[in-house]
Amino acid sequence: MNSPSRRHLKATAVSAGSFVLFGVVTGLLPNPIYVRMVPRTVLDYLFLALTAGFLGFYTLQRTTRASTDEKTATASAVLGFLAFGCPICNAFLLALFSSSALMTYFNPLRPLLGVVSVILFVGLLYARSQRTCTSCEVTSQQSKTH
């Protein structure tokens, strides 16, 4: 098991790295590589910060055993990305729909996607915090017998 300081450092790196990466590719952090076609809003920055923060907390809570939580975390991160990303600049969405359809129907739904993303992340992190640590129980039982 990693030491607490190493786990905190890794979680901080994931949170800061995802904030910068997502901020650059969505144009929320101004850069010469990418120009955002849709105006930035306060909600965009809020959902960017929340998604990056939740990814950091999720990394902090990660365990070594396999779990189905990855699907929920991935879905939440994707919904968060769609919530603060530029709908016209998203090549995948643009290939599926026209730019006018995206601005008319998808753009108004972005705040709802952000709220769903936050709810999924909060639920996931809460459920993970309520679980008992089986490796901790085994370690504490072994220390009592020795």
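**Helix packing and buried salt bridges**

Let me start with one pair. R128 and D69 form a salt bridge, and their closest N and O atoms are 2.6 Å apart. This pair links distant parts of the chain. R128 sits in helix α6, residues 110-130. D69 sits in helix α3, residues 69-84.

The cut-off for buried is under 20% relative accessible area.

A word on what we are looking at. This is a predicted model. The protein chain has seven helices and zero strands. Read along the sequence, the pattern is α-α-α-α-α-α-α. Of the 146 residues in the chain, 34% are buried. Now take contacts with a separation of 6 or more: residues 24 or more positions apart account for 72% of them.

Back to the salt bridges. How many are there? The count comes to three. R128 with D69 is one of them. The other two meet at D44.

First partner: R36. R36 and D44 form a salt bridge, with the closest N and O atoms 3.1 Å apart. R36 has a relative accessible area of 9%, so R36 is buried. D44 is at 2%, so D44 is buried too.

The side chains of D44 and R110 meet in a salt bridge, 3.2 Å from N to O. Again, distant parts of the chain are linked. D44 lies in helix α2, and R110 lies in helix α6. They are 66 residues apart. Both D44 and R110 are buried.

Next, the packing. Two packed helices are described by the angle between their axes and the distance between the axes.

Pair one is α3 with α6. They pack at an angle of about 155 degrees, with axes 8 Å apart. Angles over 145 degrees count as roughly antiparallel, so α3 is roughly antiparallel to α6. α3 passes α6 in a left-handed crossing. On the α3 side, the contact is made by D69, T72, A73, S76, A77, L79, G80, L82, A83 and F84. On the α6 side, the residues are R110, L113, G114, V116, S117, L120, F121, L124 and R128. By class, this contact has 11 nonpolar, five polar and three charged residues. Note that D69 and R128, from our opening salt bridge, are both in this contact.

Pair two is α2 with α6. Here the angle is about 20 degrees, and the axes are 10 Å apart. Are these helices roughly parallel or roughly antiparallel? Angles under 35 degrees count as roughly parallel, so α2 and α6 are roughly parallel to each other. Their crossing is left-handed. From α2 we have L43, D44, F47, L50, T51, F54, L55, F57, Y58 and Q61. They meet R110, P111, G114, V115, S117, V118, F121, V122, L124, L125, R128 and S129 in α6. This contact divides into 14 nonpolar, five polar and three charged residues. D44 and R110 are listed here, and they also form a salt bridge.

α1 covers residues 4-25, and α2 covers residues 42-61. Their axes come within 8 Å and cross at roughly 155 degrees. α1 and α2 are therefore roughly antiparallel to each other. α1 passes α2 in a right-handed crossing. Which residues of α1 take part? They are R7, H8, K10, A11, V14, S15, S18, F19, F22 and G23. Across from them in α2 are L48, A49, T51, A52, G53, L55, G56, T59 and L60. The classes here are nine nonpolar, eight polar and two charged.

One last stop, in the loop between α1 and α2. P39 is found there. P39 has a relative accessibility of 63%, so P39 counts as exposed. The cut-off for exposed is over 50%. P39 and L28 are 11 residues apart along the chain, and their C-alpha atoms are separated by 9.3 Å.

α6 packs against α3 at about 155 degrees and against α2 at about 20 degrees. α1 crosses α2 at roughly 155 degrees.

Key. Residues are numbered from 1 along each chain as its sequence is written. This is a predicted model: local features need pLDDT of at least 70, side-chain atom pairs count only at pLDDT 80 or more; totals for chains, interfaces and linings use all residues. Side-chain values use heavy atoms; hydrogens and water are left out. Axes are lines fitted to C-alpha atoms, for helices over the stretch in contact, and angles run from 0 to 180 degrees between N-to-C directions. Helices (H or I, at least four residues) and strands (E, at least two) are DSSP runs, numbered from the N terminus. Angles under 35 degrees count as roughly parallel, over 145 as roughly antiparallel, 65 to 115 as roughly perpendicular and the rest as oblique. A crossing is left-handed if the near helix is turned anticlockwise from the far one by less than a right angle, and right-handed if clockwise. Contact means heavy atoms within 4.5 Å. Ala, Val, Leu, Ile, Met, Phe, Trp, Tyr, Cys and Pro count as nonpolar, Asp, Glu, Lys and Arg as charged, and the others, Gly among them, as polar. A salt bridge is a side-chain nitrogen of Lys or Arg within 4 Å of a carboxyl oxygen of Asp or Glu. Buried means under 20% relative accessible area, exposed over 50%, partly exposed in between (1.4 Å probe, protein chains only).
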